[in-house]
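The sequence and the model are shown first, and the description follows.

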Amino acid sequence: DVHDYQLEYLNKFWRVYSDMPKIFTSVFIDAHESSHHVVGYLDEKIYNHLNNMYSQGYLNDTLTIIIADHGNNMPTIYD
């Protein structure tokens with residue numbers, strides 16, 4: 001899944017620049033596929049990723065903002 005590469009890159013980015021102030025934006029487009037199966041996999045992976053970052057101390061003095069799009073507004077959600 002594409003989001004696996006994004007989460008892996010984010011972890012590497014945080015590790016390489018661990019001693020520097022940073023800002024990082026990542027956009028996941030998993031909810032833009034009509035079966036809605038892929039976005040369901042993303043929830044657990046983001047949860048695991050954030051737990052991993054927390055256990056490594058990467059979330060100290062860190063603000064994480066998660067914004068969702070589409071949800072029930074996706075045209076095929078009720079099909």
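## Salt bridges

In this predicted model, glutamate 8 and lysine 12 join their side chains in a salt bridge, with 3.1 Å from N to O. Both residues belong to helix 1, where they are four residues apart, or about one turn of the helix. Glutamate 8 is partly exposed, at 42% relative accessibility. Lysine 12 is likewise partly exposed, and its relative accessible area is 40%.

The structure has two salt bridges. Aspartate 4 and lysine 45 form a salt bridge in which the closest N and O atoms are 3.0 Å apart. Aspartate 4 is in helix 1 and lysine 45 is in helix 2, so this pair ties together parts that lie 41 residues apart in sequence. Aspartate 4 counts as partly exposed, with a relative accessibility of 32%. Lysine 45 is also partly exposed, its relative accessible area being 27%.

## Overall arrangement

The protein contains two helices and zero strands. Helix 1 covers residues 2-16, and helix 2 covers residues 37-55. Of its 79 residues, 19% count as buried. The protein exposes about 6400 Å², and 56% of that area is supplied by carbon and sulfur atoms.

How much of the contact with a separation of 6 or more comes from residues 24 or more positions apart? Such residues account for 58% of those contacts in the protein.

## Aromatic pairs and the cluster

Four aromatic pairs are present in the structure. In one of them, tyrosine 9 and phenylalanine 24 have ring centres 6.0 Å apart and planes at 40 degrees, which is a tilted arrangement. Tyrosine 9 lies in helix 1, whereas phenylalanine 24 lies in the loop between helix 1 and helix 2; the pair therefore ties together parts 15 residues apart in sequence. Phenylalanine 24 is partly exposed, with 25% relative accessible area.

Phenylalanine 24 also pairs with phenylalanine 13, again in a tilted arrangement, with 4.9 Å centre to centre and 55 degrees between the planes. This pair links distant parts of the chain, as phenylalanine 13 is in helix 1 and phenylalanine 24 is in the loop between helix 1 and helix 2, 11 residues apart. Is phenylalanine 13 buried or exposed? Phenylalanine 13 counts as buried, because its relative accessibility is 18% and the cut-off for a buried residue is under 20%. The residues Tyr9, Phe13, Trp14, Tyr17 and Phe24 together form one aromatic cluster.

## A nonpolar surface patch

Which residues form a nonpolar patch on the surface? The patch is made of Val16, Tyr17 and Met20, which together have about 290 Å² of accessible area. Valine 16 is a residue of helix 1. Valine 16 is exposed, having a relative accessible area of 57%.

## A buried histidine

Histidine 49 is located in helix 2. The residue is buried, with a relative accessible area of 9%. When neighbours within four places in sequence are left aside, histidine 49 is in contact with Leu7, Leu10 and Asn11.

Most residues other than glycine have a negative phi. Aspartate 61, by contrast, has a positive phi, near 55 degrees, although this residue is not glycine. Aspartate 61 is found in the segment after helix 2. At a relative accessibility of 87%, aspartate 61 counts as exposed.

Methods:
Residues are numbered from 1 along each chain as its sequence is written. This is a predicted model: local features need pLDDT of at least 70, side-chain atom pairs count only at pLDDT 80 or more; totals for chains, interfaces and linings use all residues. Side-chain values use heavy atoms; hydrogens and water are left out. Rings of Phe, Tyr and Trp (its six-membered ring) pair if their centres lie within 6.5 Å; planes under 30 degrees apart count as stacked, over 60 as edge-to-face and the rest as tilted. Buried means under 20% relative accessible area, exposed over 50%, partly exposed in between (1.4 Å probe, protein chains only). Patches are made of residues with over 30% relative accessible area and no salt bridge: like charges are joined within 9 Å, nonpolar side chains (Val, Leu, Ile, Met, Phe, Trp, Tyr) within 5 Å. Accessible areas come from the Shrake-Rupley method with a 1.4 Å probe; for residues, only the protein chains shown count as cover. A salt bridge is a side-chain nitrogen of Lys or Arg within 4 Å of a carboxyl oxygen of Asp or Glu. Contact means heavy atoms within 4.5 Å.
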